[in-house]
Amino acid sequence: HFFWFFGVNGGSVVGAVFNPILQTLSAENLAALQAGQAIPNIISQQFQDLFATFGGAGSTLSLLIAMLLFCRSKRVKELGKLALVPGIFGINEPIIFGLPILLNPLMLVPFMFVPTINIVISYFCMSLGLVPLCTGVAIPWTMPVIISGFLATGWQGAVLQALLLVLGVFIYMPFIKMMDKQYLADEAKAADSKDDDDIDFDDLSFDDL
């Protein structure tokens, strides 16, 4: 996520190291499932893909929901509408480059914090037995939230995803509202400037020529 702040695909950079490990852990889980044994690993590829981030890096589906529900500036609202459908399927480049999150210190904190808290909460829920472990069955990372949780771990995983999604909305909310306030001021300033530049023909007089 820190790499994404600089416009570099962090998943591709660190995935070269971590993906083989995560995929091996997923294979162990799948082998245990097929053998009728207890699933051994909480951390796996499916855990990373389905419970760390919702809507792409930064878990920005929560951010999109906050944009649509709590923001009033035209820029943020229109971007939220355009990015919602891609975000549901885990594609969030419109948000990263359009909002932007890229080189935006204000959004760096929730962008890194929300996925981290998702991982921590999911880990403890699974370690305590509240949510079953991911079985290792491959589920595409583009699978929409709630559905992916249900396919991976049953209804418990779907509920966990929903709760984390809502929690992410409230974490993102104060940060995006600060941006929204700034954009509202910019839009008002631009509107005032346009009004000053408009010519009122009723005020024109040939005596001034």
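1. Lys81 and Glu78 both sit in helix 5, 3 residues apart, or about one turn of the helix; helices here (H or I, at least four residues) are DSSP runs numbered from the N terminus, as are strands (E, at least two). Lys81 counts as exposed at 51% relative accessibility, while Glu78, at 37%, counts as partly exposed; buried means under 20% relative accessible area, exposed over 50%, and partly exposed in between, with a 1.4 Å probe and protein chains only.

2. On provenance, this is a predicted model, in which local features need pLDDT of at least 70 and side-chain atom pairs count only at pLDDT 80 or more, whereas totals for chains, interfaces and linings use all residues. Residues are numbered from 1 along each chain as its sequence is written, and side-chain values use heavy atoms, with hydrogens and water left out.

3. Helix 5 (residues 74-88) also packs with helix 4, at an angle of about 145 degrees and with the axes 9 Å apart; the axes are lines fitted to C-alpha atoms, for helices over the stretch in contact, and angles run from 0 to 180 degrees between N-to-C directions. Leu61, Leu64, Met67 and Leu68 of helix 4 meet residues of helix 5 including Val76, Leu79, Lys81, Ala83 and Ile88, contact being taken as heavy atoms within 4.5 Å. By class, this contact of helix 4 with helix 5 has 9 nonpolar, 2 polar and 2 charged residues, where Ala, Val, Leu, Ile, Met, Phe, Trp, Tyr, Cys and Pro count as nonpolar, Asp, Glu, Lys and Arg as charged, and the others, Gly among them, as polar.

4. Which residues of helix 3 are buried? They are Gln45, Gln46, Phe47, Leu50, Phe51 and Ala52, and helix 3 is accordingly described as mostly covered, with 6 of its 8 residues buried.

5. Several backbone features deserve a check. Most residues other than glycine have a negative phi, and most peptide bonds are trans. Ser59, in the loop between helix 3 (45-52) and helix 4 (60-70), has a positive phi near 50 degrees and is buried, with a relative accessible area of 1%. Leu103 likewise has a positive phi, near 55 degrees, but is exposed at 54%; its place is in the loop between helix 6 and helix 7. Pro100 lies in the loop between helix 6 (93-98) and helix 7 (105-127), and a cis peptide bond, with omega about -5 degrees, joins Leu99 to Pro100.

6. For the chain overall, there are 9 helices and 0 strands. The radius of gyration is 22 Å, well over the 17 Å that the globule rule gives for 209 residues, so the chain is more spread out than a compact globule; the radius is taken over C-alpha atoms, and the rule is 2.2 Å times the number of residues to the power 0.38. Along its principal axes the C-alpha trace spans about 95 × 30 × 25 Å, and 40% of the 209 residues count as buried.
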